[in-house]
Amino acid sequence: MNTKAAPEVVATPEVFVIMVLLTLLAAVTLAIIRQRNLFSVVILSSIYSFLMASIMIALDAVDVAMTEASVGAGISTVILLATLHLTKSVEYPAVRQVALPLFVCIVVAGALIWGSISLPPFGIADTPIHTHTAPRYIEMAKEHLMPPNIVTAVLADFRSFDTLGETTVIFTAGIGVLLLLKGRVKKMQGQDDTEKKGEA
Amino acid sequence: MMEALQKFATHYNYFVTIFLMVAGLYIVIARGNMIKKLVGLSLFQTSVYLLYLSPGKIVGGTAPIYDGAYQVYANPLPHVLMLTAIVVGVATIALGLALAVRINEAYGTVEEDEIFSKDGEI
């Protein structure tokens with residue numbers, strides 16, 4: 001293994017753009033941590049999702065980028081804003097101590113960085129992830145055995161059970177949300193009734 | 001020194017991913033407001049997308065949509081997995097926010113400390 005030449009460092013404008021976008025993402029994350037106004041937090045998390053979608057396009061993951069822009073930046077922001085409307089909480093006080101959480105996070109970050117150092121460098125082609133399984137998918141697309149969009153083909157032909165599981169999770173979560181908010185609707189109707197009685 | 005810089009540049013994606021992950025963890029542990037906690041949880045989840053998508057990229061490659069003109073494609077498998085993860089992530093956040101709404105009704109607040117003190121009174 002050691003006789004293999006060290007992989008070349010890839011330095012193209014593409015990589016530079018990705019690095020700049022990632023730095024912006026880190027800056028937005030810092031702002032989310034520091035911001036105490038919940039409305040700002042929600043808007044910042046929307047910005048975060050759009051930046052993430054841009055990075056995904058730069059990483060050639062176009063399908064994921066579309067999903068992130070619509071689901072992450074769209075639906076998530078809408079339900080967060082709806083929650084802010086329902087709970088009517090806008091700002092929260094700073095009362096907690098930060099020393100212990102900070103310590104835990106630094107330890108976790110150190111362990112993760114230590115683990116990630118030995119990962120292959122970004123963007124090179126002869127890594128394990130690119131030499132197993134993936135060439136076969138691309139080969140099959142080449143032979144017109146699958147739709148040209150390889151992600152669609154893998155999703156529908158090879159990993160349909162993933163989608164089945166995903167649908168189960170969404171169904172369960174949907175039922176959970178409905179059950180949790182059902183009592184609320186009844187209560188509000190009850191309030192309306194009492195208000196009407198009061199008026200009458 | 002040069003080598004360390006090189007390492008930093010080639011692993012920048014992973015370092016930012018770790019930063020996002022730890023930032024999400026920090027918000028979940030250190031902040032008492034439940035809505036903020038859930039935003040932190042979603043930060044944690046989205047950092048995993050980067051962790052999966054970064055190794056799948058080949059510099060000079062193209063999106064995994066077959067065309068005779070291109071030879072090098074990004075790995076499609078992480079993309080498939082992350083499509084599932086994004087939708088599941090939003091489902092969990094929606095459930096958590098619904099819980100926060102109910103808690104707000106029962107206690108009149110989504111601040112964890114205030115809820116604990118109210119529990120103590122009862």
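This is a predicted model: local features need pLDDT of at least 70, side-chain atom pairs count only at pLDDT 80 or more; totals for chains, interfaces and linings use all residues.

The volume of the largest cavity is about 200 Å³.

Sixteen residues line the largest cavity, and those nearest its centre are A:Ser49, A:Gly72, A:Ser76, B:Ser42 and B:Thr46. Both chains take part: α2 (38-58) and α3 (62-87) of chain A, and α3 and α4 (76-107) of chain B, each supply at least two lining residues. α3(B) gives the most, with five residues. By class, the lining of the largest cavity has eight polar residues, seven nonpolar and one charged.

## Helix α3 of chain B

Helix α3 of chain B, which gives the most to the cavity lining, runs over residues 34-56. From the first C-alpha to the last, its 23 residues reach 34 Å, close to the 33 Å expected at 1.5 Å a residue. At the start of α3(B), a side-chain oxygen of B:Asn33 comes to within 3.0 Å of the backbone nitrogen of B:Ile35.

## The second largest pocket

The second largest pocket holds about 310 Å³ of space. It is lined by 16 residues, and the closest to its centre are A:Leu30, A:Ile33, A:Leu102, B:Phe19 and B:Tyr26.

α1 (13-34) and α4 (99-116) of chain A, along with α2 (12-30) of chain B, each provide at least two residues of this lining. The largest share, six residues, is that of α2(B). The lining of the second largest pocket comprises 13 nonpolar and three charged residues, with no polar ones.

## Annotated spans of chain A

An unreviewed UniProt entry places the feature "domain: MrpA C-terminal/MbhD" at residues 24-87 of chain A. In the model that span is 91% helix and 0% strand, with its end C-alpha atoms 31 Å apart.

According to UniProt (unreviewed entry), the annotation "transmembrane region" covers residues 15-33, 38-59, 65-86, 98-117 and 163-181 of chain A. Among them, residues 38-59 are 95% helix and 0% strand, and their end C-alpha atoms lie 31 Å apart. Residues 163-181 are 100% helix and 0% strand, with 27 Å between the end C-alpha atoms.

## Aromatic contacts

Over all chains, the structure holds four aromatic pairs. One aromatic cluster is formed by B:Phe8, B:Tyr12 and B:Phe15.

Definitions and conventions: Residues are numbered from 1 along each chain as its sequence is written. Chains are lettered from A and ligands numbered from 1 in the order in which they are written. Side-chain values use heavy atoms; hydrogens and water are left out. Helices (H or I, at least four residues) and strands (E, at least two) are DSSP runs, numbered from the N terminus. The expected span of a helix is 1.5 Å times one less than its number of residues. A polar contact is a pair of N or O atoms within 3.5 Å; within protein, one must be able to donate a hydrogen and the other to accept it, and residues adjacent in sequence count only if both atoms are side-chain atoms. UniProt positions are given in the numbering used here, feature names are shortened, and annotations may be inferred rather than shown by experiment. On a 1 Å grid over the protein atoms alone, a cavity is a set of points where a 1.4 Å probe fits but cannot get out, and a pocket is an open set with protein on both sides within 12 Å along at least five of seven lines; lining residues have an atom within 4 Å of a point. Grid points are joined across faces, edges and corners, and a volume is the space filled by probe spheres set on the points. Ala, Val, Leu, Ile, Met, Phe, Trp, Tyr, Cys and Pro count as nonpolar, Asp, Glu, Lys and Arg as charged, and the others, Gly among them, as polar. Rings of Phe, Tyr and Trp (its six-membered ring) pair if their centres lie within 6.5 Å; planes under 30 degrees apart count as stacked, over 60 as edge-to-face and the rest as tilted.
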